Amino acid sequence: MKRLIRRHLIDVVPYQAVQPLEVLAKRLGIPVERIIKLDANESPYSCSPRVMQALSKVDSHHIYPDPEHRELRSMLEEYTGLGKEYIGVGNGSDELIDLILRITLESGDKVINFPPTFVPYGIRTKVCNGEIVDIPREDDFSVNVEKAKSAIDDHTKVILLCNPNNPTGNTTPLYDIMSLLEIGILVVVDEAYYEFSGETVAHLVPSYPNLIVLRSFSKWAGLAGLRIGYGIFDPEIREIIYKAKLPYNASSAAQMAAIESLKDLDNMKKRIDAITSERERLYRELQQQGMLAPYPSRSNFILCQPMNGDAAQIKNSLEQDGIFVRYFDTPMLRNTVRITVGKPEHTDALIKSLNKLSNK
Ligand SMILES: Cc1ncc(COP(=O)(O)O)c(C=O)c1O
């Protein structure tokens with residue numbers, strides 16, 4: 001049947017998504033409650049109690065959701081400081097990455113990418129029949145704007161910049177983003193982790209119609225399983241995104257959950273603060289423990305390199321204690337693990353497990 005499939009899709013290598021809790025627990029033969037899941041940058045806290053309460057009262061699952069996401073976009077006006085004509089909602093920010101590439105790329109068009117970064121950028125570009133142009137980050141993981149500029153030609157349509165960057169955790173300074181914007185092609189700044197860094201360029205969208213900012217409810221609001229994110233677009237681009245998207249892309253449960261999270265901001269901010277202060281503690285604990293060298297992070301995860309030895313071995317050993325972290329060994333990122341910031345007790349368990357391994 002392959003002859004019926006578009007040729008460029010045959011060789012696409014799929015994203016290695018993380019496995020659900022139940023699968024991990026079964027693999028280790030331990031109860032789900034014993035798993036410490038630090039591999040997908042999810043929130044260690046469940047979502048706002050307001051979300052749980054609102055969802056338990058709903059009796060309208062038989063009715064399609066609002067395809068225009070009116071109430072959520074109105075709530076996001078206050079949160080972002082921009083009018084709802086700038087705001088577009090997606091089935092996770094993942095969907096918006098895909099939609100942006102789908103509305104921009106003709107066959108063979110190019111996308112500038114700064115690896116090591118969020119792996120789906122390359123995959124979505126290939127699925128959309130585009131060509132990814134990798135501009136590797138420098139040793140300190142900063143982006144090289146001059147190299148990006150010199151790689152641009154008439155077929156380059158989009159620059160994808162993750163800020164803070166996943167998995168390295170660093171941010172790109174405003175002056176570098178401004179230089180990229182001056183080029184004139186689309187610059188997508190993926191701010192999935194904005195709430196943990198506090199740095200944004202969303203306010204620049206009205207002055208730079210070539211800027212798109214993407215945000216997520218998966219991380220700070222603990223809604224990864226419900227799939228909801230949004231983008232801040234020039235209104236003309238937003239309209240095209242809405243023409244291209246599936247009509248009911250965000251479920252009514254997901255829209256309601258995002259609205260309730262925004263109504264519970266004071267409470268949610270306390271959780272964000274708990275995660276950022278735990279990030280600093282985890283960093284210090286890792287430094288003291290001595291097995292893994294942590295990179296500074298402005299996000300809800302910390303990238304680490306073994307002081308000596310093998311990251312895969314450390315990952316496997318942590319797994320035996322029910323602790324899951326993300327392992328990378330790619331040409332752009334050799335021998336590393338990325339640890340999501342969890343609750344204090346998760347940090348304690350991680351350090352204990354590392355101590356056990358170093359005493360072996
Ligand atoms: C940089 C980045 N962008 C986007 C996403 C996807 O987020 P969402 O759950 O909103 O689709 C992730 C998820 O890990 C991410 O790390």
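How far from an oxygen atom of the ligand does a backbone N or O atom of Asp94 lie? The views below come from a predicted model, in which local features need pLDDT of at least 70 and side-chain atom pairs count only at pLDDT 80 or more, while totals for chains, interfaces and linings use all residues. Residues are numbered from 1 along each chain as its sequence is written, and side-chain values use heavy atoms, with hydrogens and water left out.

View 1. The backbone N or O atom of Asp94 lies 2.9 Å from a ligand oxygen atom.

**View 2. The shell around the ligand.** The ligand is surrounded by 13 residues (each with a heavy atom within 4 Å of it), and the closest are Asp190, Tyr193, Ser216, Ser218 and Arg227. Helix 4 (residues 92-104), a DSSP run of H or I with at least four residues, supplies the largest share of this shell, three residues.

View 3. Glu146 and Lys149 form a salt bridge in which the closest N and O atoms are 3.9 Å apart, the rule being a side-chain nitrogen of Lys or Arg within 4 Å of a carboxyl oxygen of Asp or Glu. Both residues belong to helix 6 (residues 145-150), where they are three residues apart, about one turn of the helix. By this rule the count comes to 24 salt bridges.

Definitions and conventions. A polar contact is a pair of N or O atoms within 3.5 Å; within protein, one must be able to donate a hydrogen and the other to accept it, and residues adjacent in sequence count only if both atoms are side-chain atoms. Helices (H or I, at least four residues) and strands (E, at least two) are DSSP runs, numbered from the N terminus.
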